[in-house]
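Please keep the sequence and the 3D view open as you read.

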Amino acid sequence: MGSASASASSSEAEEEPGRAPPPRMTTVSHHYFGGSSSERDHDLRVDIVENIEEDYGMFVWPCSVILAEYVWQQRPRFSRSRVVELGAGTSLPGLVAAKVGAHVTLTDIAHNTEVLDNIQQICSLNNANCTVLGLTWGDWDEPVFDLHPDIILGADVLYDSAKFDDLFATVTFLLENSPGAVFITTYHNRSGHHLIEFLMVKWGLKCLKLLDGFSFLPSCKADSLQGNIQLVEITLEKGKPK
């Protein structure tokens, strides 16, 4: 992955009394798919505006890189599918889905306008026709009722155990709202898969597939990533009571 120069210099980053906070320092990273996944040999390039200070919602984390690669390798399945990405942040997986022909809605916390605005900017940068929507897990605002995804994506959304129930409530609602839908997520195995298994049972869900995130990743990408990252596909348990 290559990157362009930062848009703000270090001198601009010094805040002066009485003045508005300086703009965040950002860079554009380039992500390659297909071929040898390199600048010289690729089938798809996605450019991401991200914060070089590693702000959570505005930085491309390893789980996002792995989920995006999975979307690329599974692209026939995504073509013409309705896709919703939860906690999209820099939206790399959702953008890959859009580029391979999916109808994509990118969502993040409703009040985080900075992240949502950045998603809009990234969509424009990549000429991607995606819907951008504020969606806070566990909040039942009107827009969530209009979502009927075939596939739900979530990269590193299992990072705060205090929000797990809100996340799984939202995922379960979307799965119930879309018969046959599946939730695909990548996560650092911080708390152990047993906690996720407990939540799946609690919410009437089941695991369809569990993979080591590095098992399908090209070596050129794997070499730059670290962590014990899993990919899991989840759907409704048959016969779950409504």
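Let us start on the surface. Asp139, Asp141, Glu142, Asp146 and Asp166 together form a negative patch. A patch here is made of residues with over 30% relative accessible area and no salt bridge, with like charges joined within 9 Å and nonpolar side chains (Val, Leu, Ile, Met, Phe, Trp, Tyr) within 5 Å. One of its members, Asp139, sits in the loop that runs between β6 (131-134) and β7 (151-155). Asp139 is partly exposed, its relative accessible area being 37%. Buried stands for under 20% relative accessible area, exposed for over 50%, and partly exposed for what lies in between (1.4 Å probe, protein chains only).

A word on the source: this is a predicted model, in which local features need pLDDT of at least 70 and side-chain atom pairs count only at pLDDT 80 or more, while totals for chains, interfaces and linings use all residues. Residues are numbered from 1 along each chain as its sequence is written, and side-chain values use heavy atoms, with hydrogens and water left out.

**Salt bridges**

How many salt bridges does the structure hold? There are 6, each being a side-chain nitrogen of Lys or Arg within 4 Å of a carboxyl oxygen of Asp or Glu. Three of them are listed here.

| Salt bridge | N to O distance |
|---|---|
| Asp47 and Arg45 | 2.8 Å |
| Glu233 and Arg77 | 2.7 Å |
| Glu233 and Lys209 | 3.9 Å |

In the Asp47 and Arg45 pair, Asp47 is buried at 9% relative accessible area, whereas Arg45 is partly exposed at 41%. Asp47 has another partner: its side chain makes a polar contact of 2.7 Å with that of His30. A polar contact is a pair of N or O atoms within 3.5 Å; within protein, one must be able to donate a hydrogen and the other to accept it, and residues adjacent in sequence count only if both atoms are side-chain atoms. His30 belongs to strand β2 (residues 26-33) and is buried, with a relative accessible area of 15%.

Arg77, Lys209 and Glu233 are linked in a network of salt bridges. Glu233 and Arg77 form one of these bridges. Glu233 lies in strand β10 (residues 229-236) and Arg77 in helix α2 (residues 75-78), so this pair ties together parts that are 156 residues apart in sequence. Helices (H or I, at least four residues) and strands (E, at least two) are DSSP runs, numbered from the N terminus. Glu233 also meets Lys209 in a salt bridge. That pair links strand β10 with strand β9 (residues 205-212), the two residues being 24 apart. Is Glu233 buried or exposed? Glu233 counts as buried, at 4% relative accessibility, while Arg77 is partly exposed at 30% and Lys209 is partly exposed at 29%.

His188, in strand β8 (residues 182-188), is buried with a relative accessible area of 17%. His188 and Asp156 are 32 residues apart in sequence, with their C-alpha atoms 6.9 Å apart in space.

Arg80 has a phi near 70 degrees, a positive value in a residue other than glycine. Arg80 lies in the loop between α2 and β4 (82-85) and is exposed, at 72% relative accessible area. Phi of Ser91 is likewise positive, near 70 degrees. Ser91 is in the loop between β4 and α3 (92-99) and counts as buried, at 1% relative accessibility.

Terms used:
Areas by Shrake-Rupley, 256 points an atom, 1.4 Å probe, with all protein chains shown as cover. Lys, Arg positive; Asp, Glu negative; His and termini not counted. Charge placed at Lys NZ, Arg CZ, Asp CG, Glu CD.
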